[in-house]
Amino acid sequence: KEIEFNIICDDSCPNDLWGDHEKLHQIIVNLLNNSLKFTSQGSISLHIDACQQPAVETTPNSDYVNYSILFSIQDTGVGIDAKDRQKVFADFSQADGSYKREHGGLGIGLAVCREFINLMGGTLAYISQPGKGTRFDCIVDLSAPE
């Protein structure tokens with residue numbers, strides 16, 4: 001497709017993070033696959049940023065620091081129409097549900113992402129403009145050694 005792909009990892013992000021790597025891997029792969037599926041030209045970017053969480057309780061022997069990690073996937077694809085907002089996260093659903101739809105798939109990728117992110121106590125949101133692209137933001141809490 002000759003699409004430009006960028007990964008930007010902010011300096012605030014620790015090198016070693018602790019969490020459910022299998023779920024996190026599936027989330028990022030599903031979001032990137034969606035962007036690739038719905039982008040025919042332009043670019044896709046993965047931006048990773050971290051914000052250290054303030055300590056709620058002081059534990060004298062704590063060897064870990066908690067971070068909220070933001071994974072943003074931005075594309076220049078077809079975008080999502082406002083009337084299709086509710087369909088996006090539904091199981092076995094796509095914004096274009098017609099038999100002759102241009103983009104294949106089962107329509108479970110975003111539903112799986114949402115479930116995994118909920119299990120990890122995180123959030124998933126998106127903003128989109130038809131014809132200009134979409135940005136999905138996933139925020140999960142992970143730990144890093146001090």
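1. Basis. In this predicted model, local features need pLDDT of at least 70 and side-chain atom pairs count only at pLDDT 80 or more, while totals for chains, interfaces and linings use all residues. Residues are numbered from 1 along each chain as its sequence is written, and side-chain values use heavy atoms, with hydrogens and water left out.

2. Core. The largest nonpolar core has 30 residues. Such a core is a set of buried Ala, Val, Leu, Ile, Met, Phe, Trp, Tyr and Cys residues joined through side-chain atoms within 4.5 Å. Buried means under 20% relative accessible area, exposed over 50%, and partly exposed in between (1.4 Å probe, protein chains only). Leu31, Ile69, Phe71, Leu124, Phe136 and Val140 have the most contacts inside the core.

3. Suppliers. At least two core residues come from each of helix 1 (21-37), strand 2 (43-52), strand 3 (64-75), helix 2 (109-119), strand 4 (123-129) and strand 5 (133-145). Helices (H or I, at least four residues) and strands (E, at least two) are DSSP runs, numbered from the N terminus.

4. Val140. Contact means heavy atoms within 4.5 Å. Neighbours within four places in sequence aside, Val140 is in contact with residues including Leu24, Ile69, Phe71 and Ile117.

5. Helix 1. Its buried residues are Leu24, Ile27, Ile28, Asn30, Leu31, Leu32, Asn34 and Ser35. Their cover includes strand 1 (4-9), strand 2, strand 3, helix 2, strand 4 and strand 5. The expected span of a helix is 1.5 Å times one less than its number of residues. For the 17 residues of helix 1 that gives 24 Å, and the end C-alpha atoms are 24 Å apart, which agrees.

6. Ser35. This helix 1 residue is buried, at 1% relative accessible area. Not counting residues up to four places away in sequence, Ser35 touches Ile44, Ile73 and Asp75.

7. Aromatic pairs. There are 2. Rings of Phe, Tyr and Trp (its six-membered ring) pair if their centres lie within 6.5 Å; planes under 30 degrees apart count as stacked, over 60 as edge-to-face and the rest as tilted. Trp18 and Tyr64 are edge-to-face, 5.7 Å centre to centre with 75° between the planes. Trp18 sits in the loop between strand 1 and helix 1, Tyr64 in strand 3, 46 residues apart. Trp18 is partly exposed at 49% relative accessibility, as is Tyr64 at 43%. Tyr126 and Phe136 are tilted, at 5.1 Å and 35°. Tyr126 lies in strand 4 and Phe136 in strand 5, so this pair ties together parts 10 residues apart in sequence. Both Tyr126 and Phe136 are buried.
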